[in-house]
Amino acid sequence: VVEDGVVVSTGAIVMPGARLGLGCFIAAGARPSGDIPPCAIVEGNPGAVVGDVRRLLSLEHGLRHPWMNHFRRGYPDEALPRLEALKQKLQSLPRR
């Protein structure tokens, strides 16, 4: 199961039965399995949670995580409200 806003990078292999939570980021070459929590950054084989996407969304000096900016530039204007809603939803989830 892949929830909304998940990014799966090149070379990653999502293992059978994995559940990728809202807005998680799967790094290149990662092998996520089992339940991956919302907003998780997953690396390695086996896939391990190494961080939280929300920390990247709130970096100092107005920096934003590259995948959010990539999607913002890659989608038509009518998609921007949905992307902003996803960002707000991610930031409102309880922290681990």
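Modeller: Val49 sits in strand E6; strands (E, at least two residues) are DSSP runs, numbered from the N terminus. Val49 is partly exposed, with a relative accessibility of 42%; with a 1.4 Å probe and protein chains only, buried means under 20% relative accessible area, exposed over 50%, and partly exposed in between. Its C-alpha atom is 9.7 Å from that of Cys24, a residue 25 positions away along the chain.

A word on the source: this is a predicted model, where local features need pLDDT of at least 70, side-chain atom pairs count only at pLDDT 80 or more, and totals for chains, interfaces and linings use all residues. Residues are numbered from 1 along each chain as its sequence is written, and side-chain values use heavy atoms, leaving out hydrogens and water.

Now the sheet: it is open, with four strands in the order E1-E3-E5-E6 and mixed pairing. Strand E1 (7-8) and E6 are the edges; each has a single partner strand, so one side of each lacks a neighbour in the sheet. Two strands pair if DSSP finds at least two bridges between them. E1 and E3 (residues 25-26) run parallel, joined over two bridges, and Val7 has Phe25 of E3 as its bridge partner.

On to the loops. Between strand E5 (40-43) and strand E6 (48-52), the loop holds Pro46, which a cis peptide bond, omega about 5°, links to Asn45. The loop between strand E4 (35-36) and E5 contains Cys39, a non-glycine residue with a positive phi near 70°. Cys39 is buried, at 0% relative accessible area. Most residues other than glycine have a negative phi, and most peptide bonds are trans.
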